[in-house]
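I opened my notebook for a new structure. These are my entries, in the order I looked things up.

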Amino acid sequence: MPSRNGFAESGTEKIDLTNLTPAELESFIQHLGKERFRARQLIKWIYRAGCRDIGEMTNLSQEFRKELGRIARVGFLPVETIQVSADGTKKALFRLADGETVETVLIQEKNHWTVCVSTQAGCAMGCTFCLTGASGFRRDLLPSEIAGQVTALRFGTPEGPSIKNVVLMGMGEPLLNYDNTLKAIDIMTSDTGLGISKRRVTVSTCGIAPMIRRLGEDLPVNLALSLNAPDDDTRDRLMPINRKYPLAEVLGACRDYPMPLRRRITMEYILIKDVNDSPEDAEKLARMVKNVRCKFNLIAFNEHPGCDFKTSPPERVDAFRDILVKHNYTAVVRKSKGRDILAACGQLRGRS
Ligand code: SF4
């Protein structure tokens with residue numbers, strides 16, 4: 001049975017059922033002496049109907065609802081605000097039980113929506129181009145707070161039913177909140193949970209090499225590496241984590257990451273004027289990753305107050321892409337979405 005204290009909200013002592021994976025929920029219900037199918041009914045109410053009140057789960061007996069309601073609750077994340085960008089991107093601000101705030105971005109694709117989910121409040125990694133990093137680390141999010149961003153948007157917004165992709169690329173470093181992130185992915189991808197396909201979940205990391213290897217062993221979902229540099233000197237300057245896990249180590253972990261034949265690791269590369277965007281940088285980059293099955297997402301840096309870096313001009317970004325393509329890589333220039341509402345890459349802060 002899952003630890004009650006581990007999931008109880010301070011003051012209430014009630015277990016938040018949305019912190020449990022479907023398998024944990026089943027064993028919890030069985031521990032209460034109920035049949036497994038009761039757990040399935042309960043899970044359906046939470047993740048298929050978006051029901052938050054145990055008393056309203058009408059196919060459970062009244063007696064069981066009362067018993068369960070005494071010891072457990074169904075947590076939810078209240079959306080504090082939703083901002084809409086001129087390009088249709090939406091940014092939700094969630095207020096957590098302790099008053100902490102995190103942001104989640106909804107990005108419109110052709111026929112569906114992608115949710116960019118946060119895994120920590122703030123971030124300790126201190127990447128010098130990132131506004132989230134500048135605000136420092138506040139705390140890890142619980143499984144209920146990670147998966148809960150998707151649940152809240154699925155049931156609380158008109159776009160909800162069209163959410164098909166999840167990228168763990170918002171605030172925080174998911175691989176430093178590993179156990180909670182994996183539980184949240186389980187909740188999101190389980191058939192009895194939110195039912196999102198595992199193939200449509202991407203974990204993005206700044207390069208915690210040993211944890212990339214561990215993820216590959218535990219749950220090889222899609223992987224994105226925030227790469228951003230063609231050599232250690234440049235990366236040391238942009239991403240302090242590189243001093244701990246230099247490129248050879250990170251790329252080694254990427255090379256060994258298990259993937260189906262046609263799958264590729266996404267290398268995210270933010271182009272910063274005169275820092276990492278020269279044709280020589282592109283040539284170096286192409287050589288550097290030659291043993292890794294990967295593709296490139298190129299994003300021109302989003303300028304923001306308090307950061308001296310400048311965005312790379314469009315012709316420079318295109319030339320960079322062309323060099324990678326010449327070396328037979330798939331390289332796509334991503335248009336930064338939601339820039340006007342600070343919802344673009346590296347702009348999330350979790351404050352209204
Ligand atoms: S880029 Fe990612 S890892 Fe780096 S500071 Fe920002 S949120 Fe953290």
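**Entry: a charged patch.** Which residues form a positive surface patch? I found R264, R293, K295, R334, K335 and K337. I am working on a predicted model, where local features need pLDDT of at least 70 and side-chain atom pairs count only at pLDDT 80 or more, while totals for chains, interfaces and linings use all residues. Residues are numbered from 1 along each chain as its sequence is written, and side-chain values use heavy atoms, with hydrogens and water left out.

I noted the rules for a patch. Its residues have over 30% relative accessible area and no salt bridge; like charges are joined within 9 Å, and nonpolar side chains (Val, Leu, Ile, Met, Phe, Trp, Tyr) within 5 Å. Accessible areas come from the Shrake-Rupley method with a 1.4 Å probe, and for residues only the protein chains shown count as cover. Lys and Arg count as positive, Asp and Glu as negative; His and the chain ends are not counted. A charge is placed at NZ of Lys, CZ of Arg, CG of Asp or CD of Glu.

I then looked up K337. K337 sits in the segment after β14 (331–333). Helices (H or I, at least four residues) and strands (E, at least two) are DSSP runs, numbered from the N terminus. K337 has 34% relative accessibility, so it counts as partly exposed. The scale is this: buried is under 20% relative accessible area, exposed is over 50%, and partly exposed is in between (1.4 Å probe, protein chains only).

**Entry: a nonpolar patch.** I also found V79, I82 and V84 in a nonpolar surface patch. Together they have about 220 Å² of accessible area. V84 belongs to strand β3 (residues 79–84). V84 is exposed, at 51% relative accessible area.

**Entry: salt bridges.** How many salt bridges are there? I need a side-chain nitrogen of Lys or Arg within 4 Å of a carboxyl oxygen of Asp or Glu. By this rule the count is 21.

I picked out the bridge between E24 and K183, at 2.7 Å from N to O. E24 is in helix α2 (residues 22–31) and K183 in helix α7 (residues 178–189), so the pair ties together parts 159 residues apart in sequence. K183 is partly exposed, with a relative accessible area of 22%.

Next I took R40 and E26. Their closest N and O atoms are 3.2 Å apart, in a salt bridge. R40 lies in helix α3 (residues 36–47) and E26 in helix α2, so this pair ties together parts 14 residues apart in sequence. Is E26 buried or exposed? E26 is buried, at 12% relative accessible area. R40 is partly exposed, at 37%.

R255 and D256 also form a salt bridge, with 3.3 Å between the closest N and O atoms. R255 is partly exposed at 47% relative accessibility, and D256 is partly exposed at 42%. I also saw that salt bridges with shared partners join E26, R36 and R40 into one network.

**Entry: packing around α11.** Which residues of helix α11 (residues 247–255) are buried? I listed L247, V250, L251, G252, A253 and C254. The buried residues of α11 pack against α8 (209–218), β11 (222–226), α9 (232–238), α10 (241–244), β12 (265–271) and α12 (279–288). Contact means heavy atoms within 4.5 Å.

I looked at M288, in helix α12. M288 is partly exposed, at 23% relative accessible area. Leaving aside neighbours within four places in sequence, M288 contacts L227, A229, P230, D231, L247 and L251. M288 and D231 are 57 residues apart in sequence, yet 8.1 Å apart in space, C-alpha to C-alpha.

S226 is in strand β11. S226 is buried, at 15% relative accessible area. Beyond its neighbours within four places in sequence, S226 contacts F129, T205, C206, R235, M239 and E268.

**Entry: positive phi.** Most residues other than glycine have a negative phi. I checked D274, which is not a glycine and has a positive phi of about 60 degrees. D274 is in the loop between β12 and α12, and is exposed at 59% relative accessible area. N328 is another residue other than glycine with a positive phi, near 70 degrees. N328 is in the loop between α13 (314–326) and β14. At 72% relative accessibility, N328 counts as exposed.
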